[in-house]
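Please look over the sequence and the model shown here before reading the notes. They are meant for a reader new to protein structure.

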Amino acid sequence: MASTDRLGGTGILPKMKRKKVADSCSHDEYKIKFQGLNIFIVERKMGSTRRTFLMDLARKKGFRVNDKLSDAVTHIVAENNSWNEIWDWLQIHKLSNTNTLEMLDISWFTDSMGAGKPVDIQERHRLQEILEDGKSSTVESLLCDERYKATKLFTSIFGVGLKTADRWYRLGFRTLEEVQAAKDLKFTKMQKAGLMYCEDISSFVNKAEAHAVGQIIEKFVHKCVPNATVTLTGGFRR
């Protein structure tokens, strides 16, 4: 017979029930569908619970989401943060790739989750900069960009669009003088006229001059359609 202890029970210890461990899937086990895309979600102003939920959601949909901020990150997603705030926060971490990072609003993330893939980044997806001194560093940087300045100059020529301006830039041209002096470039009739009369075309036209041109056009139109009405539009109409 089994011996009993002083509490009256048997000497056989009852088997302890083994606790069931819930199946957990490490985020490393999720299949990555979109290579070259590394997302980091900023917890600031979002909270850890919501951040964890969004990270898990993205991983289940095949996005790579980093737990920690590093140079491997390509896209930073923030909620209720300005561009300035995230930029200052990034400076503390001293990343080497801040110039190539995409700093995006949560709207890009939610749009991507809805589409099941990374959506094209639109202007509304970008973090907005707070203008503390009436200037935007992003705009200032763009205005000083060599490509932007050359493109703006070339497209000011009548008959030159973005495609042609970009081709001229890639060929190494930066000024109108360089373009006009190039012997291997071929121009359309409109471009030839645009280059020849670029100063006249780009100069300001006052109301008196516009009215004079309007009268010339009106006479010509009335020869073809006597009852036609010719009206100046645009800024002169206002």
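The notes below go from the overall fold to helix packing, salt bridges, backbone angles and the surface.

This is a predicted model, in which local features need pLDDT of at least 70 and side-chain atom pairs count only at pLDDT 80 or more, while totals for chains, interfaces and linings use all residues. Residues are numbered from 1 along each chain as its sequence is written, and side-chain values use heavy atoms, with hydrogens and water left out. The protein chain has 10 helices and 4 strands.

**Overall make-up**

- Helices (H or I, at least four residues) and strands (E, at least two) are DSSP runs, numbered from the N terminus.
- Read from the N terminus, the order of elements in the protein chain is β-α-β-β-α-β-α-α-α-α-α-α-α-α.
- Of the 238 residues in the protein chain, 29% are buried. Here buried means under 20% relative accessible area, exposed means over 50%, and partly exposed is in between, with a 1.4 Å probe and protein chains only.

**Helix packing**

- Two packed helices are described by the angle between their axes and the distance between the axes. Axes are lines fitted to C-alpha atoms, for helices over the stretch in contact, and angles run from 0 to 180 degrees between N-to-C directions.
- Helix 1 (residues 48–60) packs with helix 3 (residues 106–115) at about 40 degrees, and their axes are 11 Å apart. Helix 1 is therefore oblique to helix 3. Angles under 35 degrees count as roughly parallel, over 145 as roughly antiparallel, 65 to 115 as roughly perpendicular, and the rest as oblique.
- The crossing of helix 1 with helix 3 is left-handed. A crossing has this name if the near helix is turned anticlockwise from the far one by less than a right angle, and is right-handed if clockwise.
- Helix 5 and helix 6 have axes that come within 9 Å and cross at roughly 130 degrees. Helix 5 is therefore oblique to helix 6.
- Helix 5 passes helix 6 in a right-handed crossing.

**Salt bridges**

- A salt bridge is a side-chain nitrogen of Lys or Arg within 4 Å of a carboxyl oxygen of Asp or Glu. By this rule there are 10 salt bridges.
- R50 pairs with E79 in a salt bridge, and the closest N and O atoms are 2.9 Å apart. This pair links distant parts of the chain, since R50 is in helix 1 and E79 is in the loop between strand 3 (75–78) and helix 2 (83–93), 29 residues apart. R50 is partly exposed, because its relative accessible area is 34%, whereas E79 is buried at 14%.
- E146 and R174 meet through their side chains in a salt bridge of 3.5 Å, N to O. The two lie in distant parts of the chain, 28 residues apart: E146 in helix 5, and R174 in the loop between helix 6 and helix 7 (176–181). E146 is partly exposed, with a relative accessible area of 45%, and R174 is partly exposed at 26%.
- D166 and R147 form a salt bridge with an N to O distance of 2.4 Å. D166 is in helix 6 and R147 in helix 5, so the pair ties together parts that are 19 residues apart in sequence. D166 has a relative accessible area of 24% and is partly exposed; R147 is partly exposed at 35%.

**Positive phi angles**

- K45, which is not a glycine, has a positive phi of about 65 degrees. K45 lies in the loop between strand 1 (38–41) and helix 1 and is partly exposed, with a relative accessible area of 47%.
- N80 is another residue other than glycine with a positive phi, near 60 degrees. N80 sits in the loop between strand 3 and helix 2 and counts as exposed because its relative accessibility is 57%.

**A loop and a surface patch**

- I157 counts as buried because its relative accessibility is 3%. The C-alpha atoms of I157 and G194 are separated by 5.2 Å, although the residues are 37 apart along the chain.
- F158 is found in the loop between helix 5 (146–155) and helix 6 (162–170). F158 counts as partly exposed, because its relative accessibility is 43%.
- F158, M190, M196, Y197 and I201 make up a nonpolar patch on the surface, and together have about 540 Å² of accessible area. Patches are made of residues with over 30% relative accessible area and no salt bridge, where like charges are joined within 9 Å and nonpolar side chains (Val, Leu, Ile, Met, Phe, Trp, Tyr) within 5 Å. Accessible areas come from the Shrake-Rupley method with a 1.4 Å probe, and for residues only the protein chains shown count as cover.
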